[in-house]
Amino acid sequence: MTADASSWTFDAVRQLTEMARERIPVSVISLKLKRPIEAVSAKLAELGITPAAESE
């Protein structure tokens with residue numbers, strides 16, 4: 001298990017879910033939380049949250 005997968009604090013998950021609810025793209029959430037896009041996507045999937053589509 002990587003550090004990214006195991007180091008989600010309650011506060012980080014709260015921030016993640018708030019940003020996802022605001023339909024912020026995963027790439028932006030990744031930058032704000034300073035985590036890889038893959039880790040953010042995996043956590044959203046684990047929580048059953050569908051991420052916002054990336055803007056083109």
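Helices here are DSSP runs of H or I with at least four residues, numbered from the N terminus. With that in hand, notice that helix 3 is followed by Lys34, whose phi is positive, near 55°.

A word on the model itself: it is predicted, so local features need pLDDT of at least 70 and side-chain atom pairs count only at pLDDT 80 or more, while totals for chains, interfaces and linings use all residues. Residues are numbered from 1 along each chain as its sequence is written, and side-chain values use heavy atoms, leaving out hydrogens and water.

Let's stay with helix 3. Its residues Val26, Ile29, Ser30 and Leu33 are buried, meaning under 20% relative accessible area, with exposed being over 50% and partly exposed in between (1.4 Å probe, protein chains only).

Next comes the largest nonpolar core, 11 residues in all, among them Trp8, Leu16 and Val40. Such a core is a set of buried Ala, Val, Leu, Ile, Met, Phe, Trp, Tyr and Cys residues joined through side-chain atoms within 4.5 Å. Helix 2 (10–21), helix 3 (26–33) and helix 4 (37–47) each supply at least two of its residues, and helix 2 gives the most, with four. Beyond its neighbours within four places in sequence, Leu16 is in contact (heavy atoms within 4.5 Å) with Trp8, Ile29, Leu33, Val40, Lys43, Leu44 and Leu47.
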